Amino acid sequence: MAKMVTRTGKAFAGLTAMAAHTVKAAAGVTVVFAMFQKYFPCELRVVIMDLYEKFVNFIYPYIQITFPEYQGNYFERSKAFAAIERYLNAHSTNQAKRLQANIFDDSDAVVLTVAKNQEVTDEFKSITLWWTSGEDDAAKQSISFWPREEEKRYFRLTFYRKHRHVISGEYLKHVMDKGKAITMEERRRKLCTNSDGDGGGFRRSLWSEVAFEHPATFDTLAMDPRRKEEIIDDLLYFSKSEDYYKKAGKAWKRGYLLHGPPGTGKSTMVAAMANLLKYDVYDLELTAIKNNTELRKLLINTTSKSIIVIEDIDCSLEVTAQRGRDDGGDGDDDKKEGKDDPVKEKMKKEEKKGSEVTLSGLLNTIDGLWSACPAERIIVFTTNHVEKLDKALIRRGRMDEHIELSYCGFEAFKILVKNYLDIDSHELFAVIRQLLQETDITPADVADKLMRKSDADDADSNLMRLIRALEDAKEEAAKKKAEESLDDADGDGVEENGETID
């Protein structure tokens, strides 16, 4: 026992002596460095410092980069930290023994991140790198508005000094791009509409949002399969064409005009587009926007990877057309209506308190200098009456694709019957095919007849219900046509001296 104590004491004395020598050596180095700076020629100092740097690099050949979770005002989470977190979750967390699980507001996915003081490795172009997760050890304050101590996290990247240019020039961009892509892939998609701005809080919200959960897909969309395939190819090509649009000098956006009778699936098409590309949807109500400035603010506050929808665009711009007639008249109408009448003046002012969005304001916002803010967006107009729209609004280059959604054909029917009744063929299909060729009926009406109303419904009863509806529609169309023919026949006579001559 005495020998062990003696040895421990000697070891401690040796360490103390070593520490003292280290301190003296450091002090000596400081004195020598001061003399070196004062007395050595500049050229010689450069050579010696170069040798010194090589020596240090040989002893410690690494570089470290730290990415804090919060920076600047400490109220906004660092986008770089968030991207690294998602990147490591996808690529390297399987190496760590201790992990931390997070669920963020914008995602339902569980994000696993490296716990404190855990290290994982990554490889890029045969270069090995090390990622470490840590926490700031700053002392807590009794009263503070900064993030809690456990939130002051950081990631630290360590790599060999000789790979500095590859890491700073390529690897970090690779990590940011991959992390952002994973974030977009896992995010909870939104369905937004322009807000009235009257909500509480110190910051006015331009958009109100809910989770986008519409189940429609192109597989369930009732339309001609060949046309559907063309639309899918066009959408997918657009989503991957950032470099092409940049090379062509065009804003990375695309316009779609969906037109056809009510019930032909225009809104369902928008939902299918959003689910295919995994984009957010912004449902823009033009009549609720005060003026062109507010419209511009709304559109620049949308996000990339989004679809901006203006439904029934012909109705949305109807007030604008009327206002244009009022403002551009020669004044005679004002005299006729009684311009000096205070009651009518008040009524006109009340009308003008509504939307003052103009056609030119809309066109400049979706296709002018602001159209690229942000990028990767799809603009969709829907209308039941394409003939009413201004040609400037729907020209090619502004509305790149014109998609007509018409009445239900047999190919569309087969998709609907598969969706609702889960059958691919039936003996009644031949009758239905003939009736569809002779009758105009929308996919919405067909879907209503095919949808099961109770547990007692079967395929036969639903198909017979559809056949009866088609026969009724055919009979009604024939009756209407006969009435129109009769009206035309009655109008063929010519009046002369009070008499009708046939």
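A crossing of two helices is called right-handed if the near helix is turned clockwise from the far one by less than a right angle. Keep that in mind as you explore this model, which is predicted.

Begin by selecting helix H15, residues 410–421, together with helix H17, residues 443–450, which pack at an angle of about 35 degrees with their axes 10 Å apart. As you turn the view, look for the way H15 passes H17 in a right-handed crossing. Next, show the side chains where the two helices meet: from H15 these are Phe413, Leu416, Val417, Tyr420 and Leu421, and from H17 they are Pro443, Val446, Ala447 and Leu450. If you colour this contact of H15 with H17 by residue class, you will find nine nonpolar residues, with no polar and no charged ones.

Now move to the second largest pocket, which holds about 420 Å³ of space. To centre your view there, select Lys180, Ala181, Met184, Lys305 and Glu376, which are the closest to the centre of the pocket among the 16 residues that line it. Helices H4 (164–186), H6 (242–248) and H7 (266–277) each supply at least two residues of this lining, and H4 gives the most, with five residues. Coloured by class, the lining of this pocket divides into six nonpolar residues, one polar residue and nine charged residues.

For the last stop, select Ala477, which has its place in helix H18, residues 459–490. Is Ala477 buried, partly exposed or exposed? Ala477 counts as partly exposed because its relative accessible area is 47%, which falls between the limits of 20% and 50%.

Key. Residues are numbered from 1 along each chain as its sequence is written. This is a predicted model: local features need pLDDT of at least 70, side-chain atom pairs count only at pLDDT 80 or more; totals for chains, interfaces and linings use all residues. Side-chain values use heavy atoms; hydrogens and water are left out. Axes are lines fitted to C-alpha atoms, for helices over the stretch in contact, and angles run from 0 to 180 degrees between N-to-C directions. Helices (H or I, at least four residues) and strands (E, at least two) are DSSP runs, numbered from the N terminus. Contact means heavy atoms within 4.5 Å. Ala, Val, Leu, Ile, Met, Phe, Trp, Tyr, Cys and Pro count as nonpolar, Asp, Glu, Lys and Arg as charged, and the others, Gly among them, as polar. On a 1 Å grid over the protein atoms alone, a cavity is a set of points where a 1.4 Å probe fits but cannot get out, and a pocket is an open set with protein on both sides within 12 Å along at least five of seven lines; lining residues have an atom within 4 Å of a point. Grid points are joined across faces, edges and corners, and a volume is the space filled by probe spheres set on the points. Buried means under 20% relative accessible area, exposed over 50%, partly exposed in between (1.4 Å probe, protein chains only).
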